[in-house]
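I opened a new notebook page for this structure.

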Amino acid sequence: MHRRVLVSLMLLPLLIVVAIWQIDVKTDISAFFMKGDSPQTTLIASHMQTGELSRRYLLSINAIEPGEKPVEFTEALRSELAKIEGVDRVWGEGLSEDEIHQIIAFYLPYRYQLYSLTPGVDVPMAFSDSVLAGRANAAKQGLLSPESQWMKSILAQDPMFLISNWLGRFYGSGAKQSPYASLVIETVPAGLDTAHQLPIRQQIEATFHRINQTHGNRYALAMTGVPLFAMAVQKQVKADVMLVSTISMVAMIVLFVFLFRSLLALLSVSLILVASATVATIITSIVFGQIHALTLALGSTLIGICVDYPIHIMV
């Protein structure tokens, strides 16, 4: 066997080892986002990839049986989801008492500006007998409730209790009567960081199923969010790479079996293709620092072109 052939065969395993060690395959969808040619567009692209909205899951909880209200179940689930590693915070469509107190304390100085969205209609009626009686009754109910101390502090700043015009929005009971409930989960890793988002998703699903079992499996879960789309794209990219590569290799093997009827010819061409693909992968990884899985998939489609050169030599 020619000396150059022996050297090539000895170098090929070394090239493959270097390629495996050097290659950093990227499968997320961040490569498809614009990079931006100005500070503004760059900032927008950055927020789309790593901003708060990109790091959130939206969970919808549905009561399977008619008449079920998932309020208690949602609160139990919310408490357990907050313990998952990688989860920054969890909240629902309702607000806790502490959150309501903080919001009202912050907006109370602006009660006049927030009194109405249609001041031309509501302000003239603000001191009518019926409206005054309604606010007086609301203040009375608040003073007789367990929140009396908190109500006193509000009335000390707002004797006319104008804040009551929008205070009731925080205590709406519509969500408690609905067979649906929703939760928002904000994670620490970026939404496109599928390596860290996948364990979080698995823990979310496992936590839901565990708590659902304690409640008789009466609820169903649906999820959406950027992390889920990123994981779906990654899975599809990997499947496409495998499919295209498999079809290309099978087509080449069939070609050689029917045309050349020689396993030696097949082996010779295969070694050339493997060496070429390995060198191209190493160079791409060195120049760009990483290589996207779609690049590998598109490169696999070029097997039919690359195989022409050794065929020309053989014939």
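I looked up Phe-73 and skipped its neighbours within four places in sequence. Phe-73 is in contact with Ile-61, Phe-208, Ile-211, Asn-212, His-215 and Tyr-219. Contact here means heavy atoms within 4.5 Å.

A note on the source: this is a predicted model, where local features need pLDDT of at least 70, side-chain atom pairs count only at pLDDT 80 or more, and totals for chains, interfaces and linings use all residues. Residues are numbered from 1 along each chain as its sequence is written, and side-chain values use heavy atoms, with hydrogens and water left out.

**Rings**

I searched the whole structure for aromatic pairs and got 3. Rings of Phe, Tyr and Trp (its six-membered ring) pair if their centres lie within 6.5 Å; planes under 30 degrees apart are stacked, over 60 edge-to-face, the rest tilted. Phe-73 and Phe-208 pair edge-to-face, at 5.6 Å centre to centre and 90 degrees between the planes. Phe-73 sits in helix H3 and Phe-208 in helix H10, so this pair ties together parts 135 residues apart in sequence. Helices (H or I, at least four residues) and strands (E, at least two) are DSSP runs, numbered from the N terminus.

Buried means under 20% relative accessible area, exposed over 50%, partly exposed in between (1.4 Å probe, protein chains only).

Next I checked Phe-73 against Tyr-219. Their ring centres are 4.5 Å apart and their planes at 25 degrees, so the pair is stacked. Tyr-219 is in strand S5 (residues 219-225), 146 residues from Phe-73. Tyr-219 is buried too, at 4%. Ring pairs link Phe-73, Phe-208 and Tyr-219 into a cluster.

**Cores**

I then asked which residues have the most contacts inside the largest nonpolar core. They are Tyr-57, Leu-59, Phe-73, Leu-77, Leu-81, Ile-185 and Ile-204, in a core of 19 residues. A nonpolar core is a set of buried Ala, Val, Leu, Ile, Met, Phe, Trp, Tyr and Cys residues joined through side-chain atoms within 4.5 Å. Elements giving it two or more residues include strand S2 (56-63), helix H3 (71-81) and helix H10 (194-214). A second, separate core has 11 residues, among them Ile-100, Ile-104, Ala-139 and Phe-161.

**Surface**

Last, I looked up Leu-259. Leu-259 lies in helix H11. Leu-259 is exposed, with a relative accessible area of 57%.
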